[in-house]
Amino acid sequence: MQRRWWRIFVAAALLVTSIVRASADDGAIIDRWYSALLVADRTELSDLLSDDVRMKLDDIGVVQTKEDFIASIDEWRSAVAGAAIRHRIEKSENGETTVLACYDFPNNDMLMRETFTVAGGRIVASTQTAVAQDCSGY
């Protein structure tokens with residue numbers, strides 16, 4: 001009987017360890033995402049996105065493919081010049097990570113909630129929703 005409990009305990013510990021490791025890996029991918037986004041690094045952003053990614057921009061009712069997003073990078077590069085992006089993970093579970101992100105542009109700032117689904121080391125889905133027109137709630 002005691003052996004059985006020990007096996008259950010070991011199995012549970014291994015499961016928790018794998019979940020924590022996956023969440024840490026997802027966090028590293030999210031960190032890479034924001035670093036690449038800040039400098040409009042087309043290559044890094046492309047590497048982070050799965051080929052069939054769907055990026056939903058809730059506030060403007062747009063869903064972008066990987067190709068759509070990468071095509072917009074030149075325009076984004078101009079918008080992000082001189083900006084800063086601060087982000088913190090609110091929660092991460094089952095391959096889905098929710099982030100609160102403050103986009104500090106030179107003339108304004110914006111607080112966003114962004115949810116990423118990560119699988120196989122790549123972002124397979126992203127949803128972005130405005131929280132506030134400034135970052136005072138960050």
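Helices (H or I, at least four residues) and strands (E, at least two) are DSSP runs that are numbered from the N terminus. The structure described here is a predicted model, in which local features need pLDDT of at least 70 and side-chain atom pairs count only at pLDDT 80 or more, whereas totals for chains, interfaces and linings use all residues. Residues are numbered from 1 along each chain as its sequence is written, and side-chain values use heavy atoms, with hydrogens and water left out.

Ser 46 has its place in helix H2, which covers residues 42-48. With a relative accessible area of 23%, Ser 46 is partly exposed, a term for values between buried (under 20% relative accessible area) and exposed (over 50%), found with a 1.4 Å probe and protein chains only. Leaving aside residues up to four places away in sequence, Ser 46 touches Lys 66 and Ile 70, where contact means heavy atoms within 4.5 Å. The C-alpha atoms of Ser 46 and Trp 33 are separated by 9.9 Å, and these residues are 13 apart along the chain.

**The sheet**

Six strands form an open sheet with mixed pairing, in the order S2-S1-S6-S5-S4-S3; two strands pair if DSSP finds at least two bridges between them. At the edges are strand S2 (62-64) and strand S3 (84-93), each of which pairs on one side only. Strand S1 (residues 49-57) and strand S6 (residues 122-132) run parallel and are joined by five bridges, and Lys 56 stands opposite Thr 127 in S6.

**Aromatic rings**

A pair of aromatic rings is described by the distance of the centres and the angle of the planes. Rings of Phe, Tyr and Trp (its six-membered ring) pair if their centres lie within 6.5 Å, and planes under 30 degrees apart count as stacked, over 60 as edge-to-face and the rest as tilted. The structure holds six aromatic pairs, including these two:

| Pair | Centre to centre | Between the planes | Kind |
|---|---|---|---|
| Tyr 34 and Phe 116 | 6.0 Å | 85° | edge-to-face |
| Trp 76 and Phe 105 | 5.9 Å | 80° | edge-to-face |

Trp 76 lies in helix H4 (residues 73-80) and Phe 105 in the loop between strand S4 (96-104) and S5, so this pair ties together parts that are 29 residues apart in sequence. Tyr 34 and Phe 116 are both buried, and they belong to one aromatic cluster together with Trp 33 and Phe 69.
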